Amino acid sequence: MEEIIKFSRKELNGGITQDYVNGNFPIEKWKKCASMKILALPFPEGYSGCNADILTTAVALKALSYGCKDAGLVHAVATQILCGLQILHFGSEKQKLKYLPGICNGDMVAAQAITEPSSGSDAFSMQMKAINDGENWVLNGTKIFITNGPIADIAIVFGITDKKKRTLGGISCFIVEKDFEGFSRSKPFDKMGLRTLQNGELVFDNCIVSENNILGNIGQGVIIFNESMEYEKILYPAIHLGTMERLFDISKKYSTTRLSFGQYISKYQQISNKIVDMKINIELGNLILYKSALCKDKGKRVNLESSITKLFVSESLKKTCLEAIQIHGGYGFMTDYEIEKDLRDSIASTIYSGSSEIQYNLISRLIGL
Amino acid sequence: MEVNSTIRNFIMSEFKSNIQTEDISNDYSLIDSGVIDSVGIISLLNFLEKSFSVIISSDELMPENFDTINLITSFVEKKINSK
């Protein structure tokens, strides 16, 4: 993992401010991540992958996030991997051969399209319709806030194929390519954080999708979604923990070099307690992350563990960012120190992939309340 | 029969609030009626894997395997017998 940290610091941290201010996607750095084989980590060698397990992939993403200060780029990488995993687990052999090599080498950018203007955490109240016209499926609807959407070459799209069956059995999943008739991508949205990450709207206006591009089976959408969320709630917390470890290191260093009233501020309990809390959250976050990843690698279901991981780590990330600014005082508030950027980047972590409130609901159901 | 009744008991207690009638038959469609929702399927899978020591893989996660108590029973029995 030292190699990934060294690579990130050397290759990915130049020119971040400019990209961040302008909201540009750092395509050259994306290509460098691809050359480093980071996008290819959990995929079999037969599809140009590295054959890494989920634990290794999570630890590698944590290292990437520790070294790379552009959280937007790191999120784009994690999203690419998540989309590839859905194709790996549910795609036909033909689909795997067609899409996975491009996902692994970065030539193809992938997005997952679930959220709609009127359905966020309540994902399955979606309105997107997919109707079989006898030969193809015709998609109509709009997806919003889609990560990698504005630059996506392919999108994994969820839509209603049988309204009567409600969520389970009534939702299906399609792989839509950017050149498909009736498919369009918006410009990226302007955001308070993760500004290099490209989020936008995907519009399906009588978009024609052939039978060959159904992912999994008709009616399997919710199951694909649940499986995908388990990976999502492992890989995003992994990148949050990388950021938390970086902030812990710089806060500790600052507190042991900054003098106040004749002694280093680390000697004041009000400061040392904050750093201790950071450390506790990192250690506990790592433990639940590794448990989730290990169980997933053993083929076990990890909805409960991954929901706890997501909830605990994303909430801890926000606290860590706030405390890091507080420890750095006025300097922490200045953009030059880049900590305030981490705070802005962290805000969405308790919203996407199921908000904290939804994670509480899920955990409550899963423990039988 | 034991598998069937274990599954039935779980569904009747776990999804009680989604069941509109006093009792349901073993062929009652749990999906069409909305008894098992998107979160419910996770609880059901967790329960089946723990109770019967089986592992359910991604390609088996078809709505057809989970639509009724009888279908779930026969799916689980096949898994147990193939161990």
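Keep in mind that the model is predicted.

I'll start with chain B. Chain B has 3 helices and 0 strands, and along the sequence they run α-α-α. Its radius of gyration is 12 Å, close to the 12 Å that the globule rule gives for 83 residues, so chain B is as compact as a globular protein of that length. Along the principal axes, the C-alpha atoms of chain B fill a box of roughly 35 × 25 × 20 Å.

How much of chain B is buried? Buried residues account for 53% of its 83 residues. As for contacts in chain B between residues at least 6 apart in sequence, 58% of them join residues at least 24 apart.

The accessible surface of chain B is about 4100 Å², and carbon and sulfur atoms hold 50% of that.

In soluble globular proteins, nonpolar side chains tend to be buried together. Here the largest nonpolar core has 119 residues, and those with the most contacts inside it are A:Leu64, B:Leu48 and B:Phe66. Helix α8 of chain A, residues 221–255, gives the most to this core, with 16 residues.

What does A:Leu64 touch, leaving aside its neighbours within four places in sequence? Its contacts include A:Ile4, A:Phe7, A:Leu12, A:Cys33 and A:Val77.

Technical notes:
Residues are numbered from 1 along each chain as its sequence is written. Chains are lettered from A and ligands numbered from 1 in the order in which they are written. This is a predicted model: local features need pLDDT of at least 70, side-chain atom pairs count only at pLDDT 80 or more; totals for chains, interfaces and linings use all residues. Side-chain values use heavy atoms; hydrogens and water are left out. Helices (H or I, at least four residues) and strands (E, at least two) are DSSP runs, numbered from the N terminus. The radius of gyration is taken over C-alpha atoms; the globule rule is 2.2 Å times the number of residues to the power 0.38. Buried means under 20% relative accessible area, exposed over 50%, partly exposed in between (1.4 Å probe, protein chains only). Contact means heavy atoms within 4.5 Å. Accessible areas come from the Shrake-Rupley method with a 1.4 Å probe; for residues, only the protein chains shown count as cover. A nonpolar core is a set of buried Ala, Val, Leu, Ile, Met, Phe, Trp, Tyr and Cys residues joined through side-chain atoms within 4.5 Å.
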